[in-house]
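Morning, everyone. I'll go through one model today, salt bridges to begin with and then a sheet. Here it is on the screen.

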Amino acid sequence: MRMSKGLIIGLAAFVLGLPAVTPAQTEMVWSPLAPMSTPRNGFSLTTLADGRLLAAGGQSGAGELASCEIYDPATGLWTLATPRSRTSADASLVLLNDGRVFLLPDTGYRGEIYDPETELWTDTSSMGLARSGASVAVL
């Protein structure tokens, strides 16, 4: 017996005690955004407390970047943010409970904190040992 996608979703919702959803509600669509000021890959991205997105670092054809950009969904545009003091690609970003953002670089001894209110980056104290490939989470 072949089951439809809608029936499977409905059964899963029933078993889990969730409200029923229709197949149309489960379909997500990717939408293009305006281009960034600097094309980049390997950048870090997090949502700020106000719903904007912060993109930090990454790489371009010229190497690793210190530049940062903020995407505002209300305007649909990226704007340049204060650059970091160091370059990095593949860093980890996490939104802290107080609205600031912590950046842990892919390699190195020091992280950085971005404050969206002052639009400034501040170095953290040394971690003592260099890290590579680490990730971050809020406790």
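Aspartate 123 is partly exposed, at 39% relative accessibility. This is a predicted model, so keep that in mind for the distances. Aspartate 123 makes a salt bridge with arginine 86, with 3.0 Å between the closest N and O atoms. The aspartate sits in strand S11, residues 120-123, and the arginine in the loop between S6 and S7, so the two are 37 residues apart and the pair links distant parts of the chain.

Arginine 86 has another partner, glutamate 112, with the closest N and O atoms 3.9 Å apart. Glutamate 112 belongs to strand S10, residues 112-115, so this pair ties together parts that are 26 residues apart in sequence. Is glutamate 112 buried or exposed? Buried, at 1% relative accessibility, while arginine 86 is partly exposed at 29%. With Arg84 included, Arg86, Glu112 and Asp123 are linked in a network of salt bridges.

The count of salt bridges comes to six. One of them joins aspartate 50 and arginine 52, at 2.7 Å from N to O. Arginine 52 is partly exposed, its relative accessible area being 21%.

Now the sheet. It is open and has four strands in the order S1-S2-S5-S6, paired antiparallel. Strand S1, 44-47, and strand S6, 77-81, are the edges, each pairing on one side only. From one strand to the next, the twist averages 25°. Between S1 and S2, residues 53-56, there are four bridges in the antiparallel sense. Threonine 46, for instance, has leucine 54 in S2 as its bridge partner.

How values were computed:
Residues are numbered from 1 along each chain as its sequence is written. This is a predicted model: local features need pLDDT of at least 70, side-chain atom pairs count only at pLDDT 80 or more; totals for chains, interfaces and linings use all residues. Side-chain values use heavy atoms; hydrogens and water are left out. Two strands pair if DSSP finds at least two bridges between them. Axes are lines fitted to C-alpha atoms, for helices over the stretch in contact, and angles run from 0 to 180 degrees between N-to-C directions. A salt bridge is a side-chain nitrogen of Lys or Arg within 4 Å of a carboxyl oxygen of Asp or Glu. Buried means under 20% relative accessible area, exposed over 50%, partly exposed in between (1.4 Å probe, protein chains only).
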